[in-house]
Amino acid sequence: MMRKLALTLLYTLLATGIAAAQELHIPKTMLGRDCLFGSRLVKVNRESGKAFSNGQMKEQPLLVSFGIENDTLLIIRQKGYTDAQGVSWKTRVANEKLFELGILSDEGDALRVDATSLLRTYPLAVTVITPKELKGDATCSELLQAVEDEELLSVLMDYSYSDGLEAEVLLFFLALKDEPEALRRLDEKKIGYNSLEYRDIGGNKVQKAQRWLLADGRKIRFYVDRAFPAAWFKYIKEGIEDWNKAFEAVGLGSVLEVLPEPQGLDRNSPLVNMVRFIPGKEANAKGQVLVDPRSGEILQADIFWWEGVTGLLKDWRYIQTGASDPDARLLDYPLEMFGPMIRHAVCHEAGHVLGLSHNMGASFAYTPEQLRDRDFTAVYGTSASVMDYARYNHIASAEDVRNGVNLLPPRIGPYDMYAIAEGYSESGAIPGEYCFFSPFISAAISPDPSSQSESLSNDLLYSSARGLENCRDLLCLDGLNDERKDLIKKYYYRYIHLTLANIGGSVHGMPVPMRLQRATVDFVLKNLENVPAEIRDAEEEKRILGELNGNFLPKRIAENHGHGQRGRYQQRLERNKYYKNYKKNEHK
């Protein structure tokens with residue numbers, strides 16, 4: 001049974017000043033067991049957006065264990081495990097002593113220890129605040145509360161620094177199972193799960209999926225932060241519980257449950273799943289999981305919603321559908337319109353806390369014709385997965401909308417059903433017609449045109465052409481403010497830039513046909529030449545033209561098609577009238 005103890009602080013006057021000896025009771029049930037040692041930032045007086053905000057935990061807590069040596073309790077970091085046949089999970093490599101705590105007395109079921117060396121200064125090994133923010137001297141560290149039971153030891157500390165930083169931090173030790181669950185290996189070429197990476201006995205890199213253990217009818221319960229507007233709860237609940245459709249399909253039932261945050265909930269416990277509201281301008285939402293590093297089993301999760309993401313969702317809806325849907329031009333969206341946008345964003349983050357990574361190729365599974373079809377979009381939305389970065393249906397025209405074409409992204413797409421079946425069912429699954437997968441690629445110009453943000457359909461030029469047409473239509477509307485004009489300019493150049501992935505690119509190892517690459521060059525130059533005067537940006541124009549004629553794209557063409565094709569690509573650029581005029585005036 002969990003006990004909340006206000007631990008005694010023993011203050012001793014020293015010759016050099018005042019120091020506090022801080023005691024903890026370590027349950028003997030935790031001795032010798034593998035534990036996660038981590039921290040959660042409960043409160044800080046100067047947040048830094050995604051870098052550190054209230055409620056965040058370090059994504060990878062340390063794997064440690066408690067051991068006894070003479071009259072000292074050791075906290076030992078476990079550096080690694082092997083996974084070879086016949087080798088125990090308890091085989092560890094390169095262990096390291098993190099802390100040595102003096103044992104003051106044996107209390108029968110617990111050891112009373114002097115934890116001053118552990119608690120006095122926020123342990124950098126598990127900090128969620130960047131070290132550069134912790135450069136001031138720690139002037140005070142006060143123990144506010146401790147929770148002790150057989151599986152969890154947590155301590156709420158208040159740290160103050162000479163440069164004015166103040167942080168309230170929960171440090172915790174969470175005991176893990178004696179034997180970890182079996183790891184699940186998945187084919188990363190056809191499915192995207194966040195993975196646990198380690199090396200086997202032969203030194204080979206191995207990746208296994210992160211996922212929840214859903215045996216014996218286990219439920220995953222999330223609580224929704226009371227700081228959210230009450231009217232949003234319905235859409236947050238729906239966004240998370242949408243995934244039950246996929247779990248029900250593989251016989252696991254409705255495993256996800258969403259409830260309002262009750263009074264008295266220990267919301268900072270590493271055993272409680274929360275959807276957290278973070279005040280501030282940061283335009284972001286994210287999922288965060290606590291994982292058993294021995295097996296990839298997800299133990300706990302949080303979904304973070306920064307206040308600023310509200311404006312980002314509205315920007316996407318405006319720029320992608322404002323030309324075809326008059327309601328999307330409103331400056332303030334009514335809840336019945338904004339609610340489904342909340343639902344989609346939460347559903348995406350819920351996919352992450354179930355273990356899924358991005359699938360940037362899901363939107364590539366559909367054709368432009370399907371995205372302009374009322375019956376198809378009613379069932380399939382804009383993408384085969386909610387884990388894509390495809391948002392609203394910018395391919396649909398105003399006439400398509402009047403004919404009933406759906407502008408909204410999917411709740412759970414065909415790929416999502418497949419991914420849950422493959423990751424969580426015993427028998428696995430066979431990918432269906434629309435289960436196209438491409439991982440997120442962090443590159444200025446994606447080498448794979450199927451792996452892109454905000455592009456729709458398997459026709460990159462058609463997608464960008466419709467996006468550019470929407471931008472031009474929006475510029476013609478009355479009442480355009482400066483903020484939205486800047487947004488139109490940003491996306492106009494973005495739609496042009498997205499098409500550069502065709503040049504020298506490959507889709508799942510198959511080079512883009514040269515005729516499509518030539519068409520892409522013509523598309524980019526034509527649309528740069530015809531940028532509307534009111535949003536023309538010389539720097540953006542220079543950037544894109546520089547990429548066309550730089551080393552990177554011609555080199556990619558040579559690698560995929562040979563040096564002869566690279567030469568013909570350069571000739572096509574040089575023959576273009578607009579490009580020749582640009583080069584002529586480039587240095588003026």
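First, the ground rules. The model is predicted, so local features need pLDDT of at least 70, side-chain atom pairs count only at pLDDT 80 or more, and totals for chains, interfaces and linings use all residues. Residues are numbered from 1 along each chain as its sequence is written, and side-chain values use heavy atoms, with hydrogens and water left out.

Now the whole chain. There are 16 helices and 20 strands. Helices (H or I, at least four residues) and strands (E, at least two) are DSSP runs, numbered from the N terminus. The radius of gyration is 28 Å, close to the 25 Å that the globule rule gives for 588 residues, so the chain is as compact as a globular protein of that length. That radius is taken over C-alpha atoms, and the rule is 2.2 Å times the number of residues to the power 0.38. Buried residues make up 53% of the 588. Buried means under 20% relative accessible area, with a 1.4 Å probe and protein chains only.

On to the inside. The largest nonpolar core has 91 residues, and Ile240, Trp243, Trp305 and Leu548 touch the most other members. Helix H5, residues 335-353, gives the largest share, nine residues. Such a core is a set of buried Ala, Val, Leu, Ile, Met, Phe, Trp, Tyr and Cys residues joined through side-chain atoms within 4.5 Å. Another core lies apart from it, with 37 residues, among them Phe37 and Leu134.

Take tryptophan 305. Leaving aside neighbours within four places in sequence, its contacts (heavy atoms within 4.5 Å) include Phe228, Trp232, Ile342 and Val346.

Next, helix H10, residues 460-475. Its 16 residues reach 23 Å from first C-alpha to last, close to the 22 Å expected at 1.5 Å a residue. That expected span is 1.5 Å times one less than the number of residues. Its buried residues include Leu460, Arg466, Asn470 and Leu475. What covers them includes helices H4 (309-321), H11 (482-498) and H12 (514-529). Aspartate 459 caps the N-terminal end: a side-chain oxygen lies 3.3 Å from the backbone nitrogen of leucine 461.

Last stop: serine 446, in the loop between helix H9 (414-424) and H10. Is serine 446 buried or exposed? At 5% relative accessibility, serine 446 counts as buried. Its side chain reaches the backbone oxygen of aspartate 448 at 2.7 Å. Not counting residues up to four places away in sequence, serine 446 touches Ile441, Ser451, Gln452, Ala501 and Arg556.

Note on methods
Buried < 20%, exposed > 50% of the residue type's maximum accessible area, 1.4 Å probe, protein only. Polar contact = N/O pair within 3.5 Å; in protein donor to acceptor, adjacent residues only side chain to side chain.
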